[in-house]
Each structure stands twice: as structure tokens, then as C-alpha cells.
Amino acid sequence: MAARRLSSLLSRSLATCLLQSPGRTCGRWSKFNRFSTAAAAEELITPQVPINYTQHLINGQFVDAASGKTFPAYDPRTGEVIAHVAEGDAEDINRAVSAARKAFDEGPWPKMTAYERCRILLRFADLVEKHSNELAALETWNNGKTFEQSFKSELPMFVRLFHYYAGWADKIHGLTVPSDGNYHMQVLHEPIGVAGQIIPWNFPLIMFAWKVGPALACGNTIVLKTAEQTPLTALYVAKLLHEAGLPRGVLNVVSGFGPTAGAALASHMDVDKLAFTGSSDTGKVVLGLAAKSNLKPVTLELGGKSPFIVFDDADVDKAVELAHFALFFNQGQCCCAGSRTFVHERIYDEFLEKSKARAMRRIVGDPFKKGVEQGPQIDGEQFQKILNYIRSGIESNATLECGGGRIGSKGFFIEPTVFSNVQDDMLIAKEEIFGPVQAILKFKDIEEVIRRSNDTRYGLAAGVFTKSGDTANQMMRALRVGTVWINCFDVFDAAIPFGGYKMSGTGREKGIYSLNNYLQVKAVVSPLKNPAWL
């Protein structure tokens with residue numbers, strides 16, 4: 001998942017002041033280097049933001065792990081430790097669930113008027129906007145995405161999402177149903193209870209908003225587990241949410257690892273609902289743990305291998321730029337990335353040459369520097385996984401057009417990589433790489449590309465680039481995916497649902513559909529004596 005490009009943004013000067021390196025003048029950025037140079041690691045900008053929140057947030061208080069253990073959080077630009085964070089396990093999850101259960105059963109949140117819940121969420125959005133510079137810097141420091149993306153796209157989208165869900169808080173209502181007899185029948189939509197939520201590392205703040213926003217709007221309480229790679233911004237915004245007036249115990253945040261804290265949350269008998277974003281393989285494990293415990297309902301937003309389809313009537317230059325964005329955005333670490341670029345055979349050669357040239361112009365370096373398009377991958381494990389896929393592409397006789405290697409000797413930077421002559425049975429065309437590797441495939445006609453696009457275990461998203469309305473209409477109905485972008489890509493809005501077919505998940509995030517994940521439906525029937533009407 002990626003953030004929407006936004007305009008009319010906050011002043012850039014404050015952000016620059018915040019990020020200036022020691023001895024630099026406010027408002028000035030150092031020169032960046034092309035990705036073909038040694039590495040941009042020698043002149044890294046030191047973010048001027050303190051890391052104040054590294055403990056669990058349980059029952060409104062920051063507390064150490066029950067075991068006393070911590071784990072390191074890293075700067076992916078260097079691989080160096082920037083903080084030590086409380087390491088949660090089953091005992092910490094138990095404490096957090098107990099707090100959430102008490103807050104739901106006895107606390108004011110579900111009993112509060114919906115309008116007051118709305119006001120708290122709006123105050124929270126205002127606080128996030130006030131602290132957006134620090135949050136963007138922290139997100140980039142711990143994740144590696146560009147500061148421009150964090151500050152200009154993701155923080156505004158975060159604020160917009162909470163404005164959206166605040167607006168829903170007092171508009172959730174039930175139904176009165178006509179009966180076939182002398183009965184009054186109504187349907188109530190109730191908060192489901194304690195929601196367990198597990199978010200990924202590629203979009204920590206946005207995933208926090210996608211999960212927490214609808215759950216709180218519906219009146220639930222939450223235990224949220226952060227990704228072990230990126231725990232810092234979730235703890236920061238959770239603190240701001242309490243400053244906005246959220247009662248104790250309503251939102252609890254535990255940092256830790258999947259096999260310990262994540263498994264404990266998924267299998268907890270007192271959690272009423274589970275939401276998970278991550279890989280399809282881990283999603284199956286989470287679903288199994290939920291089923292084996294108390295059969296709690298589960299929402300899953302999982303992996304993808306999305307086709308980006310360019311027809312022969314396309315403006316090639318525009319299609320090249322959009323396909324480049326669809327794949328390389330967020331270092332390629334996006335579940336809906338357009339990672340299978342299908343190009344009609346009539347324009348394939350021209351498209352390939354221009355895509356190669358665009359990838360070679362892509363600027364890789366310190367994500368805090370102005371003009372840099374691509375930062376490091378999240379960590380050493382993901383870094384090595386991507387390099388292994390590149391090696392697989394070479395060994396399977398795809399043509400490596402550019403890139404394919406590491407940049408520098410420090411951190412987790414990878415050259416923007418383009419493969420041509422990719423076949424459907426190659427691993428780079430079948431499996432989710434989650435990195436800056438573009439696979440360009442050739443097709444002959446619309447029936448062929450529909451069949452090949454759908455021949456995957458995934459079904460998260462697709463992009464279609466064409467000038468023909470008939471082609472667009474045929475494709476949008478034929479593709480078995482949850483989102484189809486036509487002549488655009490990665491356009492997200494708070495009101496539009498997002499989710500997948502097949503092994504890309506179950507349920508939908510965002511929009512009105514996300515509220516259904518956090519509501520229980522109850523039918524109430526009572527007799528009527530001498531009703532004036534039915």
C-alpha cells in the first residue's frame with residue numbers, strides 16, 4: 001500500500017530546519033549523488049528529533065516489558081541502532097488485553113456519546129498536524145522512506161483519515177425493519193469489543209490510521225502490535241491520542257515480534273476481533289491462530305503481484321513514468337506495487353528502452369535529502385531477499401537491463417533494477433519481491449493479457465493504461481482484483497475501500513466498508529399490541 005500525492009502542503013521551511021545537519025544553515029540541503037556512485041552514507045543528515053517513546057503504552061501509561069527485555073530499532077541508511085524498544089511477549093499482551101477489556105466493559109469510551117468520540121478524534125488529528133515535522137522525520141529515520149514522501153504525502157493522508165473517521169462516529173446507526181406480524185423489529189450495530197491489530201513496517205503511520213481510525217469511531221477498544229522494524233511513530237501518535245482526551249485503556253500499543261507478541265494477540269481468548277496486514281504466508285498463520293482460539297473474526301490485507309498493463313494506444317512517455325512510479329514507489333515496498341509490467345508487443349521495445357533510461361536516472365541516497373527519490377530497504381533481511389530474487393531472474397535467463405546490485409557498503413541501498421524478456425513461470429514474475437525490481441513482460445492481445453494477469457494466487461490491485469474507454473471497461477470487469485486504477489496508480493482516498501481477492505486477503509480497509517469490520521449486528525424483536533401500522 002502507497003500514499004496519495006497531495007498538493008497545498010505545509011511550509012517546507014520548518015521541515016528543513018528540523019532536519020538540518022549540525023553546522024548547516026536552515027533551509028539548505030546538501031548535494032545528492034546518483035545511485036551509481038559509491039554511497040550517500042558519508043554525508044548523512046542527522047535528524048533533529050528526539051526519540052522519547054520506546055516503552056509499551058498500556059492502560060494510558062508507558063511501561064517496560066514484563067520481562068525487562070528490549071530490542072534495537074535501526075536506521076536503515078546505516079544499519080546502526082537508534083533506540084532500544086521494550087520487547088513484548090505473551091505477558092505484555094495479557095496486560096494490554098486486560099486493560100482494553102476493562103476499558104470496554106467498564107470505561108467511558110463505548111458509553112460516551114458518538115459526538116464526543118468524534119471531537120476527540122478531531123483533536124487528535126489537529127495534534128498530529130501540529131507535530132507533523134517530527135513525525136515525518138521519525139518515520140523516515142526508522143523506515144528509510146524519503147522525508148518528502150513522509151511529510152508531503154503520508155502525514156497529510158494520516159490527518160485526512162482521522163478527519164474521515166471522526167465524521168463517521170456519530171453517523172453509525174441501525175435499522176427498523178417491517179415485519180410480517182405484530183412485532184417491532186430493529187437491527188442494532190454495536191461495537192464488537194476488544195480489537196487486536198497487527199500492522200506492518202512499510203507504511204507504519206498510514207496502517208495505524210487504517211486500523212485504529214474505524215475501530216475507535218465504532219466505539220471499540222484496541223491492542224495494537226507494531227512491526228518490530230518500525231515501532232517508533234506508532235508510540236508517538238498513541239501518546240498524542242491520549243493528549244487529545246482518549247480514556248485510559250482504550251488504545252494499548254505493544255512492540256514485539258510476531259512469533260511471541262503477535263501470536264499471543266492472535267490466539268488470545270479475550271480478543272473479539274483481529275485485523276492483520278502483512279504477507280500472505282503470515283496471514284494464514286494468523287488466521288489459523290484466531291480459528292484455534294475463540295473463532296474471532298479476522299480481516300486480512302495481504303500480499304500482491306499486481307499487473308500494470310500498457311496497451312498499444314498509450315502515450316508511451318506517460319506510461320513509462322507511471323509504470324516507474326507504480327513499481328519503485330516506497331523503494332518497491334508496497335503490497336499493491338505494479339510488479340508485473342505487461343506491455344503490448346507493438347510498443348514493447350520503445351517502452352523498454354525508456355523504462356531502462358528512467359530507472360538509471362532514479363536518484364538513490366539519503367532519504368532526508370531534497371531530490372532523492374529512493375532510500376534504503378527496511379533491513380538486512382529484506383535487502384538480501386531482494387538480491388536473491390535478482391539473482392534468480394538472471395539465472396532464469398531474464399535480461400538484466402540495468403541495476404541488480406548493492407549501492408555502497410553501508411546500509412541497505414539497492415540499485416533500481418529492470419528486467420526484460422520475463423516469462424510468467426519465473427520467480428520474479430510469480431512471487432512478491434517487495435523491492436525496486438521491475439519485470440517487463442510482452443503481450444499480444446487483450447484476451448491473452450487478461451488470462452495472464454489473473455493467473456496468480458494474488459488479487460490485490462491492477463493498473464490499466466489505455467486511451468480506449470471500451471478497453472478500460474472490459475479490463476476493469478475482467479481483472480480479479482480489489483482495486484483497478486485506470487490511467488493512474490496508487491491513488492488512495494479515505495472513502496474508497498481497499499482489499500484483495502484470493503490470497504491477497506479478506507475484508508476491506510477504508511471507507512464505509514471498514515466500519516463493518518468493527519461492528520456487531522444484533523436483531524431485536526418485541527411484540528406489538530394493536531399496532532396502528534406495521
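The questions below cover cysteines, then a sheet and its helices.

Student: How many disulfides does the structure hold?
Tutor: This is a predicted model. A disulfide needs two cysteine sulfur atoms within 2.5 Å. Cys118 is in none, and its nearest cysteine sulfur, that of Cys218, is 13 Å away. Disulfides in the structure: 0.

Student: Which cysteine has the sulfur nearest to that of Cys335, and how far away is it?
Tutor: Cys335 is in no disulfide either. The cut-off is 2.5 Å. The nearest cysteine sulfur belongs to Cys336, at 4.8 Å.

Student: Is Cys118 buried or exposed?
Tutor: Buried means under 20% relative accessible area. Cys118 has 9%, so Cys118 counts as buried.

Student: Which strands stand at the edges of the 7-stranded open sheet?
Tutor: The order is β14-β15-β16-β13-β12-β17-β18, with mixed pairing. An edge strand has a single partner, so one of its sides is left without a neighbour in the sheet. The edges are β14 (399-402) and β18 (483-486).

Student: In β16, which residue is the bridge partner of Val418?
Tutor: Strands β15 (residues 417-420) and β16 (residues 437-443) run parallel, joined by 3 bridges. The partner of Val418 in β16 is Gln438.

Student: At what angle does helix α12 run to β15?
Tutor: Helix α12 spans residues 380-395. It lies across β14, β15 and β16. Its angle to β15 is about 25 degrees.

Student: And at what angle does helix α10 run to β16?
Tutor: Helix α10 (residues 316-328) lies across several strands, including β12, β13 and β17. Its angle to β16 is about 135 degrees.

Definitions and conventions
Residues are numbered from 1 along each chain as its sequence is written. This is a predicted model: local features need pLDDT of at least 70, side-chain atom pairs count only at pLDDT 80 or more; totals for chains, interfaces and linings use all residues. Side-chain values use heavy atoms; hydrogens and water are left out. Buried means under 20% relative accessible area, exposed over 50%, partly exposed in between (1.4 Å probe, protein chains only). Two strands pair if DSSP finds at least two bridges between them. Helices (H or I, at least four residues) and strands (E, at least two) are DSSP runs, numbered from the N terminus. Contact means heavy atoms within 4.5 Å. Axes are lines fitted to C-alpha atoms, for helices over the stretch in contact, and angles run from 0 to 180 degrees between N-to-C directions.
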